[in-house]
Each structure stands twice: as structure tokens, then as C-alpha cells.
Amino acid sequence: MTAAPRVLLLEDDPAIAGTVAFALQREGFEVYHVLLAGEARTELARGRHDLLLADVGLPDGNGIDLCRELRQSADARLRALPVLLLTARDEEIDRVLGLEMGADDHMGKPFSPRELVARVRALLRRSALAPAAPAAAGRFEVDDEGRRIRYAGTWLTLTRLEHGLLRTLLAAPARIHGREALLAAVWGDATEASDRTVDTHVKTLRAKLREVTPNEDPIVTHRGLGYGLADPTR
Ligand code: CA
């Protein structure tokens, strides 16, 4: 038998926390309860939780910000941690913002403990089934219809060529893409662009990605070969 799933419960209202903890524990979950966002950060850094259940309104911050931090974390495990947000009122704005910031699900208070347990189960099942992300690629989300790409929870503002470059890299995340191939894919055949053009646009693209994750560069330069995405396990 596998260990009981561990849920980190971040909720400053003791009555709600008590109800939720009771409902989860009765179903075999291990629950660790904290009252403040700061305590949750400390706990999350220890990395022993399988899911975060977070209230939005907290005395020292809010669950949505915490969720965004997780999605931008350098730690792949935290980026993938399932998050379910609890909001005081079923406010559309919190729901939308929460999901935009990378929450996996949302429940407005008051909620039925039974339904909450069911949703927690569903999220854990989904995350267990999720393939190990080829990490760098896993941090990107492509919306081809909207012609936009999200990186670590943030929609990027890219020029047409930057978008084309990034989209090409993401189409084959494990591959090293030669400059010639990138030129052909993004600029097309009838172009005066050169290898240097590719380098210039990769440079501006990198700068935009660094704005989102200052300490990480998801694009790797392979000397003499071209560009690729960073190795997830690095
Ligand atoms: Ca609260």
C-alpha cells in the first residue's frame, strides 16, 4: 500500500480548516494545517506535500499569489504541485485569476466537504497520471488559436518572429535546432535574413523569458549546432 497522500491546508479560518481537515483525514489523507502564507512557503520548500489546498484571503498574503510563485518556482516538483483554491465568496474574479495563475481547481465557500474530498482525489489522480514533464517544455503552454505562449504562468508579449522561434523550439523540445532550420521554419526561404538574424531574435526572446524567470534561461545555445530547450533534469 502506498503512503497516505499529504495535503497542505492553508486556511486562516479555524472552523473551516477543522471541517476540511476532518473530512480529508476521515478519507485517509494526511493533513498538515498552516494559518499563514509564510508558513505554507516554509512547508512547501520542504517538499513533502502532494497537494496544496489554499484559501485566497489570508492575513499575510493570498493564495493566488502563492500559486503564481509555485508555478514560477525553480523546483519542478513545486511547479507541478496540484493546487486547489478556496475563496471566501464565489467571486468570478478570484476564480478566473486563480486559474490564470496556475491553480488546478477552485471552490467557493461555502462548499460541501464531500465534494472537496472528491475534487482533491481527482486532482491527485490527474497529477499521478501526468507524464513527467520534459521540464523546460513543461513550463510553456501554447495557445495556437490565440497565437500566444504562456511561460511559467505568464503570457508572453512576443513579436511575430520571436513567437515563431519559440513555437518551433517547442514543437520538438528535445531537439537541437540548427540556425538554418530555424531560418527556414520562421523566416521562410525568400529572405535576406542570416544566421546572425536568428541569434539576434533569440537574444530578445531570452530577455523576455528572463523577465519572467530571472534566474533561469530555458533556451540553451549549443555551440556550433544551434539552439534547444534546457534539460529538465539539470
Ligand atoms: Ca481567509
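1. R46 is exposed, at 54% relative accessibility, where exposed means over 50% relative accessible area, buried under 20%, and partly exposed in between (1.4 Å probe, protein chains only). R46 belongs to helix α2, which covers residues 37–46. Helices here are DSSP runs of H or I with at least four residues, strands are runs of E with at least two, and both are numbered from the N terminus. From R46 to D105, 59 residues away along the chain, the C-alpha separation is 23 Å.

2. On the basis of the model: it is predicted, with local features needing pLDDT of at least 70 and side-chain atom pairs counted only at pLDDT 80 or more, while totals for chains, interfaces and linings use all residues. Residues are numbered from 1 along each chain as its sequence is written, and side-chain values use heavy atoms, with hydrogens and water left out.

3. Overall description. The protein contains 10 helices and 12 strands, and its C-alpha trace spans about 65 × 40 × 30 Å along the principal axes. Of its 234 residues, 42% are buried. Among contacts (heavy atoms within 4.5 Å) with a separation of 6 or more, 56% come from residues 24 or more positions apart.

4. Domains. The protein is divided into domain 1 (6–129) and domain 2 (136–229), with bounds from an automatic or database domain assignment. Their C-alpha centres are 33 Å apart. The contact between them takes 7 residues from domain 1 and 9 residues from domain 2.

5. Calcium site. The calcium ion is coordinated by D12 (OD), D55 (OD) and G57 (O), at 2.1 to 2.3 Å. In sequence these donor residues follow the spacing D-x42-D-x1-G. Donors are N, O and S atoms within 2.8 Å of the metal, or 3.2 Å for Na, K and Ca; water is not among the atoms, so sites may look incomplete. D55 is buried, with 3% relative accessible area, whereas G57 is partly exposed at 46%.

6. V83 in strand β6. Strand β6 runs over residues 83–87 and includes V83, which is buried at 0% relative accessibility. Leaving aside neighbours within four places in sequence, V83 is in contact with L52, C67, L70, R71, A103, D104, D105 and L123. The C-alpha atom of V83 lies 9.9 Å from that of V7, 76 residues apart along the chain.

7. L124 in helix α6. L124 sits in helix α6 and is buried, at 15% relative accessible area. Not counting residues up to four places away in sequence, L124 touches P5, F29, D50 and L51. L51 is 73 residues from L124 along the chain, and their C-alpha atoms are separated by 7.3 Å.

8. Backbone points to check. Most residues other than glycine have a negative phi, and most peptide bonds are trans. The K109 to P110 bond is cis, with omega near 0°, and P110 lies in the loop between β7 (105–108) and α6 (113–129). R147 is not a glycine but has a positive phi of about 50°; its loop joins β8 (140–143) and β9 (148–151). Phi of A152 is also positive, near 45°. A152 is in the loop between β9 and β10 (154–155), and is buried at 3% relative accessibility.

9. R167 in helix α8. Helix α8 (residues 160–171) holds R167, which is partly exposed with a relative accessible area of 25%. With residues up to four places away in sequence set aside, R167 touches V142, D144 and I149. R148 is 19 residues from R167 along the chain, with a C-alpha separation of 9.3 Å.
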